Amino acid sequence: MHPKALLVRTALNASAHVAPGPTGRAVFHLFVRPLGRARVRPAEERLMGAARVDRIRVGRKEAVTYAWGDGERPVLLVHGWSSRASRLAAFAEALLARGYSPIAFDAPGNGDATGRASNILEYREIIRELHARHGDFDAVVAHSFGVVASLFALRDGVRTRRFVGIAGVGSFGLLTAAFRAMSGFGERALAAMRRHVERQLAPEEPGVWGHFDASWRPEDLGAPLLLIHDETDDLVPLAHAHVIRKAHGARARLVVTQGLGHRRILTDPQVVAEAVEFVVGGPGPADAPTVPAEAGSR
């Protein structure tokens, strides 16, 4: 660990005992800061250049939105952490070819959006605004952190016909445990962060921290889910997919891939095709296994 980072960790762990408020705010700012800005890849440039670009105000920051198609049959694409909308270009292209109208955004601190950080509450605000602009979604296709953020919004008035979660975060408990292991913060410092979120960022929603998990009020979604997760994912372990599948029961189907990891899964042709067929209305949970199905090496 860099000496400066070690010093910050030591100071915040110590201050959690005597000044939990400032400590919680400081740890939160570290927790919500993406690890750099992803750039548009050459393979994504053509699609992104054809998008209709707009912006959504999020506090003092602006998210950048992208839209394609004629506006009919909207499908929301939600990127993950330290990512950007263009990473879901393969899904946008395939959906366009089937007559859908993909919509995506760069969250604050990501892609071309302003700001240096984002959080699940800001994702929800953006998704709510896009729902207000475009109406009910035919589907939501989300990746990584975008999965848990989308499910949070979908339990709060946003509506979709189908949901596809790829390499999705399903448990905030597992997420914060990973953050704790990486950062070295103690339980007092993390508890201070949780109190900061609940008291300062969402005081009108008591216990909001517990609402972030996919297991909270899953019946509110009311839509079938297709979950795709790679067994070799080293950033979001497969255990997260099992959390989501278990929470949503018979509505959810989990497909487990091999050898795609956390990022290549977004460009794998078979994964893209399977997700789009599910959006169109192919096999759903009613006529497919609800236990993990081996998709084989790809």
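Helices (H or I, at least four residues) and strands (E, at least two) are taken here as DSSP runs, numbered from the N terminus. The model is a predicted one, in which local features need pLDDT of at least 70 and side-chain atom pairs count only at pLDDT 80 or more, while totals for chains, interfaces and linings use all residues. Residues are numbered from 1 along each chain as its sequence is written, and side-chain values use heavy atoms, with hydrogens and water left out.

Ala167 sits in the loop between S6 and helix H7 (172-183). Although Ala167 is not a glycine, its phi is positive, at about 50 degrees. With 0% relative accessibility, Ala167 counts as buried; the term buried means under 20% relative accessible area, exposed means over 50%, and partly exposed covers what lies in between (1.4 Å probe, protein chains only). Ser82, found in the loop between S3 and H4, is another residue other than glycine with a positive phi, near 50 degrees. Ser82 has a relative accessible area of 22% and is therefore partly exposed.

Charge pairing comes next. Side chains of opposite charge can pair when their charged atoms come close. A salt bridge is defined as a side-chain nitrogen of Lys or Arg within 4 Å of a carboxyl oxygen of Asp or Glu, and the structure contains 15 of these salt bridges. One of them joins Arg84 to Asp112, with the closest N and O atoms 3.2 Å apart. This pair links distant parts of the chain, 28 residues apart: Arg84 belongs to the loop between strand S3 (74-78) and helix H4 (89-97), and Asp112 to the loop between strand S4 (101-106) and helix H5 (120-134). Arg84 is buried at 3% relative accessibility, whereas Asp112 is partly exposed at 46%.

Arg124 and Asp156 form a further salt bridge, their closest N and O atoms being 3.3 Å apart. Because Arg124 lies in helix H5 and Asp156 in the loop between helix H6 (145-154) and strand S6 (160-166), the pair ties together parts that are 32 residues apart in sequence. Arg124 is buried, at a relative accessible area of 6%, and Asp156 is partly exposed, at 31%.

In the salt bridge between Arg253 and Glu274, the closest N and O atoms are 3.6 Å apart. Arg253 is in strand S8 (residues 252-258) and Glu274 in helix H10 (residues 269-280), so parts 21 residues apart in sequence are tied together by this pair. The relative accessible area of Arg253 is 10%, which makes this residue buried, while Glu274 is partly exposed with 22%.

The axes of helix H3 (residues 42-49) and H4 come within 10 Å and cross at roughly 45 degrees; axes are lines fitted to C-alpha atoms, for helices over the stretch in contact, and angles run from 0 to 180 degrees between N-to-C directions. H3 and H4 are therefore oblique to each other, given that angles under 35 degrees count as roughly parallel, over 145 as roughly antiparallel, 65 to 115 as roughly perpendicular and the rest as oblique. On the H3 side, Glu44, Arg46 and Leu47 meet Ala89, Ala92, Glu93 and Leu96 of H4, where contact means heavy atoms within 4.5 Å.
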